Amino acid sequence: MKTLSFLHRWSGGFIGLLLAILGLSGAILVWEGEWVSLPGAGDPLVEKVVTLATVSERAVADGATRITFASEEIGLHHVAMEGGAGAYVRQDGTTVAQWASQWERPELWLFDLHHHLFSGHNGELVAGWAGIFGLMFVVTGSILWWRSRRAFEWRLWPRKLQPGAIVRHHRDFGIVIAPLLTISFLTGTGMIFDDLAKAVLRPLGTIEASKPPEVTPASGPVPVAAMLATAKARFPDAAIRRLTIPAKPGQPYSVRMRQPFEWTPNGRTTLSFDGTGTLVRIDDPATGSRAASVFETLYPVHSGKVGGLPWKLAMTLSGLGLALLGSLAVWSFWFRKAKKRRPPRKAQPGLAADAA
């Protein structure tokens, strides 16, 4: 137990702050739709292919790389450009906000912080390993709590900001939110280390990697309206969620849709088109394996995009709890005051003689 406690404490002292940052940023992003305050953000969703096509054609002409269409969470179209630039467009086509880099929009740089730590793929790997350490903390912390379970005391905040009180709060509060932290860490690391997640889910079926087909590039105006109309005709009950413009010649245009049974906010139903607007492939999650269905739930569960208000509150508690546990662990480990050792008492001559 001493070795386990030593490893738990020292690992937390080094990685606790990183976990706190991930937890706090994640908790804020859960409520993104509520705090993005822009004209039209609260507009009711009205999906019309003609309107979506008009917005898309103008965005493609302006050099957009991706258009994420308005949803019930945020009633604005998000137009993404190269280099982090972009714009928010109302459903009637009015541009309400533009930016030259992600640093001008808090929801964008918070997303980059939480997912990539501002470091692209390498930062994503660091966040993934932090999640694995988080799982280890949950396991080892639960083992360490068990031996002192009879002294359990529910407190949202330590009784005192002293090492002993912080350790006791860390132990008891941590066991309370351990189930939520486990879900957050499993879903987060599963998305980053997707090959490992797919291997774990293999008993439920295989998840085949889908490579975009090579297509003939467009030689004239891109028939975006025809693509969206074809997608809607193929899946009339699905919502059109995203249009992706190829970054290189020979790559397809992609239309993402969300069918009623899908949990992922932007759906996994993908239709690929060539530059002439001809449909070249359909990826339909309804025909996928059970493993693919389980894998699809990782993101919506992790981000609180499913389950309504109760689950959003649960994921918020998980993120804030992780931020609290991580930050206090680092503070108590690195900044606690060492207790002064008292010098040993010298035996008095008379007492020594009596003892002899």
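Predicted model: local features only at pLDDT ≥ 70, side-chain atom pairs only at ≥ 80, totals over all residues.
I will start with lysine 312, which lies in helix α11, spanning residues 308–335, where helices (H or I, at least four residues) are DSSP runs numbered from the N terminus. Residues are numbered from 1 along each chain as its sequence is written, and side-chain values use heavy atoms, with hydrogens and water left out.

Lysine 312 is buried, at a relative accessible area of 12%; buried means under 20%, exposed over 50%, and partly exposed in between, with a 1.4 Å probe and protein chains only. Leaving aside residues up to four places away in sequence, lysine 312 touches Val30, Trp31, Glu34 and Gly304, contact meaning heavy atoms within 4.5 Å.

With glutamate 34, lysine 312 forms a salt bridge whose closest N and O atoms are 3.1 Å apart, the term requiring a side-chain nitrogen of Lys or Arg within 4 Å of a carboxyl oxygen of Asp or Glu. Because glutamate 34 sits in helix α2 (residues 32–35) and lysine 312 in helix α11, the pair ties together parts that are 278 residues apart in sequence.

How many salt bridges does the structure hold? There are ten, and among them is the one between arginine 105 and glutamate 107, at 3.0 Å from N to O, where arginine 105 is buried at 14% and glutamate 107 is buried at 2%. Arginine 281 and aspartate 283 also meet in a salt bridge, at 3.5 Å, but here arginine 281 is partly exposed at 26%, as is aspartate 283 at 24%. Finally, Glu153, Arg155, Arg159 and Arg168 are linked in a network of salt bridges.

How values were computed:
Helix = DSSP H or I, 4+ residues; strand = E, 2+ residues; numbered from the N terminus.
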